[in-house]
Amino acid sequence: MKTLFSKIADLYIDGFKSMTVGKKLWILIIVKLIIIFAILKVFFFPDFLNSTCKDDVEKAAKVRKEITDKNRNYKTTLINNHLTTHAI
């Protein structure tokens with residue numbers, strides 16, 4: 001007797017075997033994902049923390065500083081916008 005997992009696996013395997021256009025589309029999707037995650041990540045998203053920080057403590061401090069500074073600036077901007085739009 002087959003388990004539920006093997007029945008589901010057989011369903012997908014048989015479905016992929018009988019595909020004609022679908023195989024080409026899946027290949028296209030996989031190639032696009034490889035391009036997006038492998039190639040673009042290397043060129044457009046460099047690892048800034050490893051290039052500027054020496055150890056995990058410095059990385060944590062830098063991330064904490066960036067998060068808190070941006071949050072503080074965001075709150076100041078919200079307060080200033082509120083005051084200028086609701087001024088009497």
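How many residues does helix α2 have, and how far does α2 reach from its first C-alpha to its last? Helix α2 has 24 residues. Its reach is 33 Å, close to the 34 Å expected at 1.5 Å a residue. There is also a kink in α2. The kink is about 25° and is centred on I35.

**The chain as a whole**

This is a predicted model. The chain holds four helices and zero strands. Along the sequence, the pattern reads α-α-α-α.

How confident is the prediction? The chain has a mean pLDDT of 80. In 77% of its residues, the value is 70 or more.

Now the surface. The chain has 88 residues, and buried ones make up 2% of them. The accessible surface comes to about 8500 Å². Carbon and sulfur atoms account for 71% of that surface.

**An aromatic pair**

The structure holds one aromatic pair. Which rings form this pair, and how are their planes set? The partners are F16 and W26, with ring centres 6.1 Å apart. Their planes meet at 75°, and planes over 60 degrees apart count as edge-to-face, so this pair is edge-to-face.

Where do the two residues sit? F16 lies in helix α1 (residues 4-17). W26 lies in helix α2 (residues 21-44). The pair therefore ties together parts that are 10 residues apart in sequence. Both F16 and W26 are partly exposed.

**A salt bridge**

Side chains of opposite charge can pair when their charged atoms come close. The structure holds one salt bridge. Its partners are D10 and K2. Their closest N and O atoms are 2.5 Å apart.

Is D10 buried or partly exposed? D10 is partly exposed, with a relative accessible area of 28%.

| Residue | Relative accessible area | Class |
|---|---|---|
| F16 | 38% | partly exposed |
| W26 | 43% | partly exposed |
| D10 | 28% | partly exposed |

How values were computed. Residues numbered from 1 in each chain as written. Heavy atoms only, no water. Buried < 20%, exposed > 50% of the residue type's maximum accessible area, 1.4 Å probe, protein only. Areas by Shrake-Rupley, 256 points an atom, 1.4 Å probe, with all protein chains shown as cover. Phe/Tyr/Trp six-rings, centres within 6.5 Å; stacked < 30°, edge-to-face > 60°. Salt bridge = Lys/Arg side-chain N within 4 Å of Asp/Glu carboxyl O. pLDDT = per-residue confidence, 0-100. Expected span 1.5 Å × (residues − 1). Bend = angle between axes of the 7 residues up to and from the residue.
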